[in-house]
Amino acid sequence: MPITRLIRHIILFLLPLTVLLSIAEYSIRKVPVTYQVKYNGMQQCAGEMRALVLGSSHSYFGICPDSLSVRAYSLANVSQDLTYDYMLLNSFIDKCNSLEYVILPISYFSMYERLESGVGNIRATWYRLYMHVGKYTPENMLEIANWQVAKKKWIYYYVHHNNMADCSVSGFGLAYKLSDRAKNWDNGEEHVKMNTLSDSEYEYNKNVLNKIALLCKSRNIKLIMVSTPTWHTYYDKLNAKQLADMYSAVNEVCGKYGNVFYYDYMRDKRFTDNDFFDADHLSDVGAMKFTALIDSIIAKQ
Amino acid sequence: MLFNSFEFILFLPITFLLYWYVFKRLKMQNIFVIAASYLFYGFWDWRFLILIFITTLCSYLSGLYIARKTNGGGRWLLIANIVLNIAILGVFKYFNFFAENLNALASVFGMQLGELTINIWLPVGVSFYTFQALGYVIDVYRKQVTATHDSVAYFAYISFFPQLVAGPIERANNLLPQFTQPRKADYATMCDGLRQMLWGMFKKVVIADNCANAVNYIFDYYTTLSGSTLAIGAVLFTFQIYCDFSGYSDIAIGTARLFGITLMRNFNMPYLSVSIADFWRRWHISLTSWFRDYVYIPLGGNRCGKNRHIFNIAVVFALSGLWHGANWTYVSWGLYHAILMILFVLAERKIGKTIETVRGLPNLKMILNMLATFALVAVGWIVFRAESIGQAYEYCVRMFSASFFSAPSAEVGYVKSFAAIAILMICEYAQRNRNHVLDIEKNITNRAMRWVIYYALVIAILLFSVAQTKFIYFQF
């Protein structure tokens with residue numbers, strides 16, 4: 001039978017390639033990533049946490065759980081949207097017996113963003129593989145299914161010996177040091193352009209925000225929403241409608257549930273030049289300043 | 001579903017195994033082909049399926065009715081079918097283009113027509129399957145093809161997934177009979193199909209996608225770059241579009257062979273052409289021959305006066321340009337080639353000796369002819385790639401400025417692309433009398449040696465692949 005013969009030969013041909021790709025998959029999975037570190041961190045100390053930080057790079061690099069006066073952990077990560085915030089909270093909440101505060105940053109893009117439809121959709125694979133949240137799709141079952149990223153990741157770690165799990169034991173991002181800041185860090189216009197999105201996901205995200213608030217309420221947890229400080233070249237250029245939609249969603253949730261509070265530091269003048277790593281991210285210096293503010297909010301609650 | 005996607009890696013083996021092992025009867029195989037093809041196509045957007053279903057059904061029924069009318073009554077039905085298909089293309093592909101131009105024209109005369117454009121989705125590959133359906137109905141009318149009563153075979157003929165979204169635009173007399181007769185699995189044919197797929201993937205992933213990075217950069221920043229860098233941009237785009245499209249065709253033809261179906265050749269090493277007429281015998285053969293048979297010859301072809309002949313060439317190339325997209329750049333690209341062809345005809349040149357007849361290396365005259373043809377074609381691609389005619393003009397002016405002779409910009413990474421292009425051209429030249437470059441079974445009888453070549457290509461694909469990109473010709 002010619003087809004059987006063909007299949008036999010294809011299998012024979014693919015065998016060394018399969019071995020090679022399996023080794024590639026195995027070695028890529030061995031690269032320590034923040035997702036894995038955070039998952040393991042939560043497994044170990046979820047029961048002792050009194051505060052949990054969620055959100056995107058704004059909180060990952062902007063709120064340092066070690067500097068809070070209550071025991072805290074950061075599950076925030078780059079490009080993490082509200083959907084993943086909800087999924088992570090939902091998956092760990094049963095283990096968080098002492099949890100009193102959830103700190104959720106609300107950024108200019110939060111109500112319009114979806115991780116899977118943006119440039120960061122590869123991250124859905126990492127959430128699935130290393131944090132066990134999100135949907136199963138053909139693309140997120142294997143690292144090598146996203147070959148370009150897998151290749152880069154392999155080279156980044158094994159050839160250039162760079163660290164891909166650059167976060168503290170409490171999950172705080174360590175990469176945005178003021179000393180490493182680029183000369184052209186003041187990129188407000190560029191970042192606003194990047195973060196100005198279509199409003200097609202607005203209702204969806206509003207619903208997810210409600211679900212987060214409801215989940216917190218059901219466990220008697222206070223949901224503290226914050227907008228992190230940004231530089232004037234950023235906030236001066238924001239799209240009025242997108243910003244208004246953000247405030248409208250936040251106010252709606254605050255008004256609906258008694259356990260939700262919102263603090264807006266987006267235009268806070270106390271944050272100066274050296275507090276920023278770029279136009280919408282805090283540097284390590286700014287993060288300490290901002291964490292102190294969060295701590296005072298927690299103390300007031 | 002893209003050929004270079006993870007979904008297709010799963011889809012193809014499953015479809016292949018079910019096709020040969022489960023659906024062994026012809027009818028069942030054809031039904032399965034339709035189901036698999038609709039799944040393949042529906043992956044983009046399920047709504048596209050409605051349009052392809054309507055196009056297929058209308059052309060199938062038209063074929064039957066036209067065949068029944070022996071006294072010429074089928075003519076009106078043929079016209080109705082042509083109008084329907086043109087209307088489908090007109091609405092989905094050209095409506096906004098014509099509306100915008102009408103508006104612009106009206107404003108010249110001081111009239112305001114208001115907002116005429118509509119928000120409509122462009123179904124992937126609509127130009128390909130519409131032309132295939134149209135060709136069938138015309139062939140039935142001309143009695144060059146017998147109208148089929150087998151609706152399942154006909155639906156499989158139009159929707160066959162390997163060639164559905166980017167051709168080759170098949171002809172009923174080649175493809176349709178293959179769906180009405182039992183297919184035989186042939187080991188050598190299927191192996192050759194796999195080899196052709198591998199070569200197509202190499203062209204797409206290693207050459208086209210790598211060229212695309214440099215091309216995008218050069219066309220984005222052409223106002224700041226030297227003439228020599230712009231010339232490199234033009235050359236790289238010339239290879240990008242060829243490797244992208246012919247790579248797709250190779251994968252399509254190779255995939256079809258796995259299912260016991262032979263599709264027509266779509267490219268025959270066009271950058272080894274010795275004249276512009278030779279080029280058009282080798283580039284997108286299925287579309288060129290479609291326009292030749294259904295437009296050029298009915299208009300009178302070359303069997304008429306010189307003026308009429310020139311007119312026929314101009315019409316065919318302008319339509320061919322318009323077929324590629326609703327933009328004046330495509331029409332201009334078509335007209336540019338029309339001018340080149342008209343000059344070729346007026347000079348009373350013949351294609352003469354082509355590359356296939358050469359033993360060993362070509363002589364100097366042939367090399368110069370090939371380079372001249374390549375340069376003319378490359379200039380045409382600038383118009384094709386540009387976003388507007390103004391941009392194409394400005395690009396050409398800057399390219400042919402004094403900085404043409406300066407050193408090209410080192411910012412643009414193109415060394416890897418040129419190395420891959422050199423490999424491509426050497427291989428194509430060496431295999432110029434074969435169906436495709438990896439048709440090597442007769443040249444290299446040692447299987448281990450052949451496998452070394454296959455592995456080398458697979459490793460090149462894995463190592464040199466860049467971000468996954470769509471095939472350019474899907475948009476047409």
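How much area do chain A and chain B bury between them, and what percentage of it lies on carbon and sulfur atoms? In this predicted model, the two chains bury about 2,000 Å² between them, and 74% of that area is on carbon and sulfur atoms. On the side of chain A, the residues that lose the most area to chain B are I3(A), L6(A) and F13(A), which together account for 29% of what that side buries. Expressed as residues in contact, the interface comprises 19 residues of chain A and 26 residues of chain B.

No salt bridges are counted between chain A and chain B, whereas six residue pairs, with both residues at pLDDT 80 or more, are in polar contact across the two chains. When the side of chain A that touches chain B is divided by residue class, it has 13 nonpolar residues, together with three polar and three charged ones.

The cysteines were considered next. Over all chains, the count of disulfides comes to zero. For C64(A), the closest cysteine sulfur is that of C167(A), and because the two sulfur atoms are 11 Å apart, the distance is too far for a bond, given that a disulfide requires sulfur atoms within 2.5 Å. C64(A) is moreover buried, its relative accessible area being 4%. C216(A) is likewise in no disulfide, the nearest cysteine sulfur, which belongs to C96(A), being 11 Å away. With a relative accessibility of 0%, C216(A) also counts as buried, since that class takes in residues under 20% relative accessible area.

In chain B, attention may be drawn to I423(B), which is found in helix α17, a helix of chain B formed by residues 415-430. I423(B) has a relative accessibility of 44% and therefore counts as partly exposed, because this class lies between the limit of 20% for buried residues and that of 50% for exposed ones. Along the chain, I423(B) and I88(B) are 335 residues apart, and in the model their C-alpha atoms are separated by 42 Å.

Conventions
Residues numbered from 1 in each chain as written. Chains lettered and ligands numbered in written order. Predicted model: local features only at pLDDT ≥ 70, side-chain atom pairs only at ≥ 80, totals over all residues. Heavy atoms only, no water. Contact = heavy atoms within 4.5 Å. Buried area = accessible area lost by both parts, 1.4 Å probe. Salt bridge = Lys/Arg side-chain N within 4 Å of Asp/Glu carboxyl O. Polar contact = N/O pair within 3.5 Å; in protein donor to acceptor, adjacent residues only side chain to side chain. Nonpolar A, V, L, I, M, F, W, Y, C, P; charged D, E, K, R; others polar. Buried < 20%, exposed > 50% of the residue type's maximum accessible area, 1.4 Å probe, protein only. Helix = DSSP H or I, 4+ residues; strand = E, 2+ residues; numbered from the N terminus.
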